[in-house]
Amino acid sequence: MALLEVRDLHKSFGDTVVLDGVSMSVEKGDVIAVLGPSGGGKTTLLRCINFLETADSGSLVFDGITHDMAHISKKQISEIRLHTGFVFQNYNLFRNKTALQNVTEGLLIARHMDKAEAEEKGMRMLEKVGMADRASHYPSQLSGGQQQRVAIARALAADPEIIYFDEPTSALDPELIGEVLTVMRQLADEGMTMIVVTHEMDFARNVSSRTIFMEHGKIVEEGESKAFFESPREERTREFLRLEDRRF
Ligand SMILES: Nc1ncnc2c1ncn2[C@@H]1O[C@H](COP(=O)(O)OP(=O)(O)OP(=O)(O)O)[C@@H](O)[C@H]1O
Ligand SMILES: [Mg+2]
């Protein structure tokens with residue numbers, strides 16, 4: 001049984017159709033790279049799946065339970081969110097909290113963990129992303145790569161069944177991208193289920209198990225990453241991959 005299934009997701013902003021019937025299925029342990037040109041709907045897809053945006057129609061099956069995405073209750077959203085993590089392009093850390101406090105916040109508030117337990121867990125998560133020695137630093141005292149690793153530790157602290165990443169390295173200086181990708185690769189190797197919107201072609205090709213290419217709110221092509229990159233079926237996919245290659 002799939003961990004997560006999206007069926008016929010539609011979303012418009014005013015007259016602009018942004019998601020035009022997206023369906024996808026995610027198995028436990030899948031690492032899915034989502035590629036596509038700017039404005040194609042990638043961020044909106046992730047935001048709808050995690051209910052940061054309300055879909056116009058579509059269903060989401062999570063852990064075997066089917067939800068109408070346009071009419072889901074706040075309670076159901078909170079329940080699903082207990083099992084998902086989200087990593088944003090711009091880290092979204094609290095500026096007035098330390099690295100450790102950023103990681104423990106959700107454990108204390110949403111999960112009512114006691115402070116000592118939350119801090120112990122928070123430190124373990126920071127260790128996992130190589131940030132334990134910066135636990136008491138504030139975001140302004142950390143590099144972009146370090147902030148993003150703290151954000152990943154925060155997502156991990158919730159023991160999520162799946163983590164969504166929206167261009168986690170695209171705000172970073174080139175020399176800081178590697179340290180974040182290394183952490184993500186390690187999570188993939190450990191079997192974490194992830195959906196990763198990215199322009200990092202090497203990550204998509206070598207780390208993700210499946211790749212999805214979307215444009216104009218539709219999935220143009222998807223497949224096992226090896227086959228996707230070696231022999232894309234659609235001319236539009238080939239063209240996109242050629243253009244991406246040229247950017248670097
Ligand atoms: N809150 C919003 N209100 C109005 N239009 C929006 C909103 N969010 C996104 N859009 C529009 O939806 C379309 C898809 O945006 P989205 O951010 O999902 O694309 P994307 O594939 O993530 O692009 P990028 O690669 O640039 O991040 C764009 O035309 C965008 O302008
Ligand atoms: Mg985006």
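A: Begin with what the labels mean: helices and strands are DSSP runs, numbered from the N terminus. The model is predicted. In that scheme β2 (16–26) and α1 (42–49) each supply at least two residues of the shell around ligand 1.

Q: Which element gives the largest share of the shell around ligand 1?
A: That is α1, with three residues.

Q: Which residues surround ligand 1?
A: The list is F13, T16, V18, G36, S38, G39, G40, G41, K42, T43 and T44.

Q: Now the whole chain. How many helices and strands does the protein chain have?
A: The secondary structure comes to nine helices and 10 strands.

Q: What does the radius of gyration say about the protein chain?
A: The idea is to compare the value with a rule for a globule. A compact globule of 248 residues would have a radius of gyration near 18 Å, and the protein chain has 18 Å, so the two agree. Along the principal axes, the C-alpha trace spans about 55 × 45 × 35 Å.

Q: What percentage of the residues in the protein chain is buried?
A: A residue counts as buried if 20 or more other C-beta atoms lie within 10 Å of its own. Buried residues make up 41% of the 248 residues.

Q: And how are contacts along the chain to be read?
A: One looks at how far apart in sequence the partners are. Of the contacts with a separation of 6 or more, 64% are between residues 24 or more positions apart.

Q: Where do nonpolar side chains tend to be in soluble globular proteins?
A: They tend to be buried together. In this model the largest nonpolar core has 66 residues, and V34, A153, M194, I195 and V196 are those with the most contacts inside it. Helix α5 (residues 144–157) gives the largest share of this core, seven residues. Domain 1 (4–83 + 161–247) and domain 2 (94–160) both contribute residues, so the core lies between them.

Q: Which residues does A153 touch?
A: Leaving out residues up to four places away in sequence, A153 touches V103, M125, L126, K128, V129 and M131.

Q: How far apart are domain 1 and domain 2?
A: Their C-alpha centres lie 25 Å apart. The contact takes 13 residues from domain 1 and 11 residues from domain 2. On the side of domain 1 that touches domain 2, β7 (162–166) and α6 (174–189) each supply at least two residues. The largest share of that side, four residues, comes from α6. By type, the residues on that side of domain 1 divide into nine nonpolar, one polar and three charged.

Q: Where is D63 placed?
A: D63 is in the loop between β4 (57–62) and β5 (65–68). Phi of D63 is also positive, near 50°. A residue with 12 or fewer neighbours counts as exposed. D63 has 12 C-beta neighbours inside 10 Å, so D63 counts as exposed.

Q: One last residue. Which helix holds K226?
A: K226 is found in helix α8 (residues 225–230). K226 has 14 other C-beta atoms within 10 Å and is therefore partly exposed. The C-alpha atoms of K226 and R210 are separated by 8.1 Å, with the two residues 16 residues apart along the chain.

Conventions
Residues are numbered from 1 along each chain as its sequence is written. Chains are lettered from A and ligands numbered from 1 in the order in which they are written. This is a predicted model: local features need pLDDT of at least 70, side-chain atom pairs count only at pLDDT 80 or more; totals for chains, interfaces and linings use all residues. A residue is near a molecule or strand if its C-beta atom, placed from the backbone, lies within 6 Å of it. The radius of gyration is taken over C-alpha atoms; the globule rule is 2.2 Å times the number of residues to the power 0.38. Two residues are in contact if their C-beta atoms, placed from the backbone, lie within 7 Å. A nonpolar core is a set of buried Ala, Val, Leu, Ile, Met, Phe, Trp, Tyr and Cys residues joined through C-beta atoms within 7 Å. Domain bounds come from an automatic or database domain assignment. Ala, Val, Leu, Ile, Met, Phe, Trp, Tyr, Cys and Pro count as nonpolar, Asp, Glu, Lys and Arg as charged, and the others, Gly among them, as polar.
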